[in-house]
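Dear colleague,

I am passing a structure on to you, and you will find the sequence and the coordinates just below. After them come my notes on what was found, written for someone who has not looked at this structure before.

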Amino acid sequence: MGLLTQLATLPLTPVRGVVWVLERVVETAENEYYDPAPVERELARLEQALLAGDIDEETFDRREDELLDRLDEIRAHAQGIDT
């Protein structure tokens, strides 16, 4: 039965390979999307820009809120909580 099953499903082998590759691509994209390091670096850059006078307090507050919301989303995902 094993040989017959292998022969019968042989035409599907390329499809399984494509599915595997797509699963790895999605996994990698999710890992990058949910990585907190870039958001934390952007928060540091934002604070430097405020201290250097490159941006005003209102711009800082608005952008900081966006980044902190993003960090909350990342942390919720890491804990398995849907946002």
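How much accessible surface does the protein have, and what percentage of that surface belongs to carbon and sulfur atoms? The accessible surface comes to about 6,700 Å², and 58% of this belongs to carbon and sulfur atoms. Please keep in mind while reading that this is a predicted model.

Overall fold

The protein has four helices and zero strands, so that the pattern read along the sequence is α-α-α-α. Its radius of gyration is 22 Å, well over the 12 Å that the globule rule gives for 83 residues, and the protein is therefore more spread out than a compact globule. Along the principal axes, the C-alpha trace spans about 75 × 25 × 15 Å. Of the 83 residues, 12% count as buried, while 57% of the contacts with a separation of 6 or more are accounted for by residues 24 or more positions apart.

Helix α3

The helix that I would ask you to look at in detail is α3, which covers residues 36-52. With 17 residues at 1.5 Å a residue, helix α3 should span 24 Å, and this agrees with its end C-alpha atoms, which are 24 Å apart. Within α3, the residues Val39, Leu43, Leu46 and Ala49 are buried. Seen down the helix axis, the buried residues of α3 fall within an arc of 125°, and they therefore line one face of the helix. These buried residues pack against α4, which covers residues 57-78, whereas Gln48, Leu51 and Ala52 are exposed on the other side of α3.

After the helix comes Gly53, whose phi is positive, near 85°.

Is Arg70 buried or exposed? Its relative accessibility is 16%, and because the cut-off for buried is under 20%, Arg70 counts as buried. Leaving aside residues up to four places away in sequence, Arg70 touches Tyr33, Tyr34 and Val39, and Val39 is one of the buried residues of α3.

With kind regards

Methods: Residues numbered from 1 in each chain as written. Predicted model: local features only at pLDDT ≥ 70, side-chain atom pairs only at ≥ 80, totals over all residues. Heavy atoms only, no water. Helix = DSSP H or I, 4+ residues; strand = E, 2+ residues; numbered from the N terminus. Expected span 1.5 Å × (residues − 1). Buried < 20%, exposed > 50% of the residue type's maximum accessible area, 1.4 Å probe, protein only. Arc of directions from axis to C-beta. Contact = heavy atoms within 4.5 Å. Rg over C-alpha atoms; globule rule 2.2 N^0.38 Å. Areas by Shrake-Rupley, 256 points an atom, 1.4 Å probe, with all protein chains shown as cover.
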